[in-house]
Amino acid sequence: MHCLRTTVARLRPLTAAQTAQSLSQPRLLVVRRSLRTFQLARCLNTTLTAEPFLNGTSSNYVEEMYYAWLENPRNVHKSWDIFFRNVNAGAPPGVAYQSPPPISGTSQGLASVQALVGGQPNLEKLVKDHLAVQSLIRAYQVRGHHIAKLDPLNIGCVDFDDAPCAVGFQNVGLYGLAESDLDKVFRLPTTTFIGGNETSLPLREIIHRLETAYCQHIGVEFMFINDVEQCKWIRQKFETPGIMQFRLEEKRTLLFRMIRSTRFEEFLQRKWSAEKRFGLEGCESLIPALKTIIDWSSQSGVESVIMGMPHRGRLNVLANVIRKELDQIFCQFDSKLEAADEGSGDVKYHLGMYHKHRNRVSDRDITMSLMANPSHLEAVDPVVQGKTKAEQFYCGDTEGKRVMSILLHGDAAFSGQGIVYETFHLSDLPSYTTHGTIHVVVNNQIGFTTDPRMARSSPYPTDVARVVNAPIFHVNADDPEAVMYVCNVAAEWRNTFHKDVVVDLVCYRRNGHNEMDEPMFTQPLTYKLIKKQKGVLQQFAEKLITDGVVTTQEYEEEVARYDKICEEAYTRSKDEKILHIKHWLDSPWPGFFTPEGQPKSMSCLSTGISEEELCHIGNIAASVPMEDFTVHGGLSRILKSRANMVSQRVCDWALGEYMAFGSLLKDGIHVRLSGQDVERGTFSHRHHILHDQNVDKKICIPMNYISLDQAPYTVCNSSLSEYGVLGFELGFAMASPNSLVVWEAQFGDFNNTSQCIIDQFISSGQAKWVRHNGIVMLLPHGMEGMGPEHSSARPERFLQMCNDDPDVFPKLSEDFSMRQLYDCNWIIVNCSTPANIFHVLRRQILLPFRKPLIVFTPKSLLRHPEARSSFDDMLPGTHFKRIIPDVGPAAASPEKVKRVIFCSGKIYYELTRERKSRGMDNTVVVVRIEQLSPFPFDLVKAETDRYAKADLVWCQEEHKNQGYYYYVNPRLSTTINHTRPVWYAGRDPAAAPATGNKQTHLMELQRLLDKAFDLEAFAGKV
Ligand SMILES: Cc1ncc(C[n+]2csc(CCOP(=O)(O)OP(=O)(O)O)c2C)c(N)n1
Ligand SMILES: [Mg+2]
């Protein structure tokens, strides 16, 4: 049976000394809301250490007693009460202890204690034995989950070799206790709830209750949590005797939910036996698990639940949790279904869903959304979080009481994908928290064909959650009642502490990875066991019938009732001939589009604003609108220079951005800027948050002082994660079209660690899932001699993913530029002026539809004296310039022009400087293409027509295989109908984005400029 994972969970006791050691770690204990530090105990210990009967180990026990006594003197035995009173009164060593008074009262248990200690108590033995019992209790709390019966197959996929532990009757000797102690009564420490109303219990009963709490079908992993109250809360939820009991009605509901979950899969299997569906068989209790969480949360006031999940059981969740009509699901299996709208289909496993209904348990409305997700496992996690945060933000839910998220995971993906970790690290950050996510892991102990022992190095797939102190409830998914119980606790945990929690459904996968796969190829022995395993519904139904909760007839009737529902839906589904992907939207934007889903217009108002507004926002940007606020001297100078610019009616880059954000805020558009160090700006140019130099945490956000009825401005430094944070912002932008959501990379090249979000969501999201998104990515880019790692935002990659055809000159029309924007998959710009960044950011909101905007942003241009814009370029009537033609002397006499250099971005300033130094202002024009994609065919054509006889050169500072060349070149050629060559002046192809050597960098730059202005450079070449 070596193929089976045969690890026998061995439990090693925490020895008394270890317990004592862990107890003596400095920590904070909270008692009755007052903070009590360890210091106090240390003071006591100074006096205590001299007590003749105390040694290092027992003093820790006494310390625990002392805490309990402080809390309430009645918590400890009378003898301890007297002892502590005496110590506190300053009794000298040896005098504080007095023989205990005779034990009175009715408790028989206490009488046994007297029997234990005898007339002449041996205090040292008493202390040692109690300490041993305490160790034993703690061992159960810490590691009871190691021996809980979590695995329905009992193949033991969790390997605890490095942390075995032993408890149970047979192991009491390991704790220094004897079998003869089993019937002795011990006072229970305050760290356990197993006593219920009793404060002392015989050791045998103590062990029995601990086994019940920690070693059955639920394994509670929580003792790593650094919060005493939270640990106590969990202990109370699992240790209190008899706490896991359900009413008859609850059991029946649970059974009915199991019927739906199970029969749904069986129905699909019957009807479409040759179709993949990534069925839930082996983890059918996922459905009641989710429904329990939702019921509980709805009862506590949650109105909206946003979910993200992988393939496994998705259809079942859609049908039985989100409550999508069954016929709409069944018709997806019809290959002849025709698409009525755009979208690549992919409904069954990837499209999302949004549905509002009345929750029967709470009798309140609840909106459920399941987010569309790509195949890339776990990629949707941060997206769900972002959308949840946005919904909370828009409804003023600052504590996560109305909107919450649930994330589902597979065991292999949960431990394998780094994005899980990145998402966990957002969970407690002020601008990213969703106030607790409930994670549910379908832990079927396999990932496709790979065993856990080959898939992860941690014992559980859930260990990643420990980094944020999330409690983890492992549960045997073959026990629906245990599942329901932990789900209730998880929902209550979230509602109480607003922190993440994990439910680990330990289950199995009855079929192959999908229904077409043969699992016996790779897991033969496991699957022999699985074939023998009775289905969970059958097990549960038999149990409830035996217990008299339902009759066989009731059960069979319910099964037949649900089968009939499925059959009827199946019949209806055959009438469905057309697939409306719009019906599968996870985030509808009511009122934004026409009822047919079209933009309300095909025009965009001027993105300019009034002089008055420019001055007002500029002055805010130059001010510290808070009293008694000390700004840094250097920053004062920056603010002063902003004031100067305003008085001169010009903007630099930072001010241009300020004007865009400020004017949108003033119009009630929420702006959110997120990314690493964005508050100040990587290049120290932005300074959107001012910090008082004398008072800690005193900050000022001038952008929030623009007007009284403005929208709030959110600017937040993020965790050091691109994948997680970009995904989060994408999700945030999904919730509403009426906010400008901007993510900035520290340097543009770091965008590739979020490649999955870019590829799977941003560039293709609308095409796949008919979902618009107006997210803005700011990617600092430019060859400035900083070396290969900080130069390139990889424009070539973004451009390669553009959907416009390089070989077709489009039909020009009046609304050409708008149509082009509407048809594209994303907009890519490289602005060379502050006015243009101002306009393009504002355009994002003024457009009647939403498209992702990728902006290659400058570094040195931020402070370049020429990279300034006059207010004139930002006034009403002005627009974003897709290209900026040359307006110099050459443009006035086009017939004299020998060469037109097309370029994009900062190289423009290097080209014009070079042109001037060569005295070629009359012969060479430099045209800036600011909007690279969609390519401004119309405007470029106007330029090539105007300079009909000139050479055409594309000049870029990037290497030839990078930058824009391979995108622009064919489009330029198409524009001129291939009548002239388009020459290249730029760096040679290279593997790295830039040289690390400053001299080489300058030499390369000069070489490309030489080529750009050498009018003979291409002579004779074809
Ligand atoms: C990022 C990513 N890598 C690889 C895959 C291919 N893949 C699809 S399902 C799967 C196994 C997933 O196992 P698990 O997370 O345990 O879920 P299960 O199928 O067992 O429910 C793999 C490797 C994927 N979809 N996404
Ligand atoms: Mg799995």
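Biologist: How do the residues lining the second largest pocket divide into nonpolar, polar and charged?

Modeller: The lining has 17 nonpolar, 8 polar and 15 charged residues. Here Ala, Val, Leu, Ile, Met, Phe, Trp, Tyr, Cys and Pro are nonpolar, Asp, Glu, Lys and Arg are charged, and the others, Gly among them, are polar. One caveat: this is a predicted model, where local features need pLDDT of at least 70 and side-chain atom pairs pLDDT 80 or more, while totals for chains, interfaces and linings use all residues, and side-chain values use heavy atoms, without hydrogens or water. Residues are numbered from 1 along each chain as its sequence is written, with chains lettered from A and ligands numbered from 1 in the order written.

Biologist: Which residues lie nearest the centre of that pocket?

Modeller: Thr 253, Arg 257, Lys 291, Asp 295 and Val 361, out of 40 lining residues. Elements giving two or more residues to the lining include helix H9 (248-271), helix H10 (286-299) and strand S8 (353-359). Helices (H or I, at least four residues) and strands (E, at least two) are DSSP runs numbered from the N terminus. A pocket is an open set of points on a 1 Å grid over the protein atoms alone where a 1.4 Å probe fits, with protein on both sides within 12 Å along at least five of seven lines; lining residues have an atom within 4 Å of a point.

Biologist: OK, sheets. What is the strand order in the open sheet of 8 strands?

Modeller: S5-S12-S13-S11-S10-S6-S9-S8, with mixed pairing. Two strands pair if DSSP finds at least two bridges between them. Strand S5 (218-221) and S8 are the edges, each pairing on one side only.

Biologist: And how do S11 and S13 run?

Modeller: They're parallel, joined by 6 bridges, and Val 440 stands opposite Val 503 in S13.

Biologist: What does H10 lie across?

Modeller: Strands S6 (304-308), S8, S9 (364-370), S10 (403-410), S11 and S13, at about 165° to S10. Axes are lines fitted to C-alpha atoms, for helices over the stretch in contact (heavy atoms within 4.5 Å), and angles run from 0 to 180 degrees between N-to-C directions.

Biologist: Switching to the metal. What coordinates the magnesium ion, ligand 2?

Modeller: Asp 411 (OD), Asn 444 (OD1) and Ile 446 (O), at 2.0 Å. Donors are N, O and S atoms within 2.8 Å of the metal (3.2 Å for Na, K and Ca), and water is not among the atoms, so sites may look incomplete.

Biologist: Where do Asp 411 and Asn 444 lie?

Modeller: Asp 411 is in helix H15 (residues 411-416) and Asn 444 is in the loop between strand S11 (437-443) and helix H17 (452-455), so the pair ties together parts 33 residues apart in sequence.

Biologist: What about the sheet of 7 strands, which order there?

Modeller: S19-S16-S20-S21-S23-S22-S28, open and mixed. Strand S16 (residues 670-675) pairs with S19 in the parallel sense over 5 bridges, and Gly 675 has Asn 717 in S19 as its bridge partner.

Biologist: Last one: which peptide bond is cis?

Modeller: Ser 933 to Pro 934, with omega near -5°. Pro 934 sits in the loop between S28 and helix H33 (937-946).
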